[in-house]
Amino acid sequence: METRKMEKLGVETSLLGFGCMRFPVTAEGKIDEPLAERMMDQAIAAGVNYIDTAYPYHSQESEPFVGKVMSKYDRSSFYLATKLPCWKVETLEDIDTIFQEQLKRLRTDYIDFYLVHALSKDRFDKIVALGGIKRLEELKAEGKIKYLGFSFHDKYEVFEEILCYRDWDFCQIQLNYMDVNEQAGMKGYRLTEQRQVPLVIMEPVKGGSLARFADDITEKFHALDPDASVASFALRWVGTLSNVKVILSGMSTMDQVEDNLKTFGNFKPLSDQEQKVIEEIVALINSRVKSGCTACRYCMPCPAGVDIPGNFKVWNTYHMYQKYSMVKNAWEKGLGDAKQAKNCIKCGKCEAACPQKLNIREDLQKVQGDLDKREFCL
């Protein structure tokens, strides 16, 4: 198992971390505990020593399940990561209440890697104003938290502000070869290098969307290595970055566990040729963008209730990845009947306000037609 040293902290972690957000579930939606436990046991036996969960995962059932499984193991043999649900914090006392609940759920006296969860500008400002960071630092001084960090979902400027606020032990960002300019992105990665803050990476396979493509792209990966999974290239792309110390994979099947163990059991950074091919694939995917909408929202609100930027985002994603599964939830539930393009009344108000001068009315017709037809049904 490939390992990485966090020199700043004096610890060595497995490069593959077991993400506990996407366990297999039963027909009732509960964690399939026997299968999930076997998956964790197999990963741990192969050398995985970083286990990542959080308060809300699996409707708050992930932490108790992880606590039960990991109680079989010597506490010093693994690193346990969980997160403070800062959206639930209204007072300093809430931090202590939640933290004590998490210790009980996880059957432990301390948390190795504790993160302020899913920070955005508003959440960070609120926690700081409450004195929450100071309280977490006190818990660290008491030995209940070994290393203090945060996970992040906002734009780069906010990431820079948070990362430079204090000397964090580590942080966690979303990064993959399609998201180099999203959220913290590669600019954020370089900032962590400069400030010597070890990185944990989430969404290395973009929620599974970089694991399965249409045939034309799949063939490009197989030409590089016919025995390697498509997902393995996404994981290796992230792992090639030297300041990445843990790559989280939310594994849902035993096959995914075995494939990841194969990737990280004999880990190889991407070669120059592989990097070049991935760059070509990224360019190909991006060339499939249908709308130049920048989501500036000058077109909103729509008199008919259409979420115009939301429709264009779904349309672009659908064509970029040529997979309906990539947009199914956003199209059917996020937009739903009320906000879909079909409700456009062609009043033209949006086009008059659009700084990009897009043919919005015409394009909304195309959006609805493409998503109704669903030519790409992967």
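# Exercises: pockets and charged pairs

Helix 13 is the top contributor to the lining of the largest pocket, giving nine residues. Helices here are DSSP runs of H or I with at least four residues, strands are E runs of at least two, and both are numbered from the N terminus. Before you start: this is a predicted model, where local features need pLDDT of at least 70 and side-chain atom pairs count only at pLDDT 80 or more, while totals for chains, interfaces and linings use all residues. Residues are numbered from 1 along each chain as its sequence is written, and side-chain values use heavy atoms, with hydrogens and water left out.

**Exercise 1.** Find which residues lie nearest the centre of the largest pocket.

*Solution.* 
- Start with the term: on a 1 Å grid over the protein atoms alone, a pocket is an open set of points where a 1.4 Å probe fits, with protein on both sides within 12 Å along at least five of seven lines; lining residues have an atom within 4 Å of a point.
- Next, take the volume, about 1400 Å³, meaning the space filled by probe spheres set on grid points joined across faces, edges and corners.
- Now look at the lining: of 40 residues, Asp-179, Glu-182, Lys-206, Lys-313 and Thr-317 lie nearest the centre.
- Finally, spot helix 12 (272–286) and helix 13 (308–321), which each supply at least two lining residues.

**Exercise 2.** Work out which parts of the chain the Lys-245 and Glu-7 pair ties together.

*Solution.* 
- First, check the contact: the two side chains, Lys-245 and Glu-7, form a salt bridge at 3.8 Å, N to O. That term needs a side-chain nitrogen of Lys or Arg within 4 Å of a carboxyl oxygen of Asp or Glu.
- Then place the partners: Lys-245 sits in strand 10 (residues 244–249) and Glu-7 in the loop between strand 1 (3–6) and strand 2 (11–14), so the pair links parts 238 residues apart in sequence.
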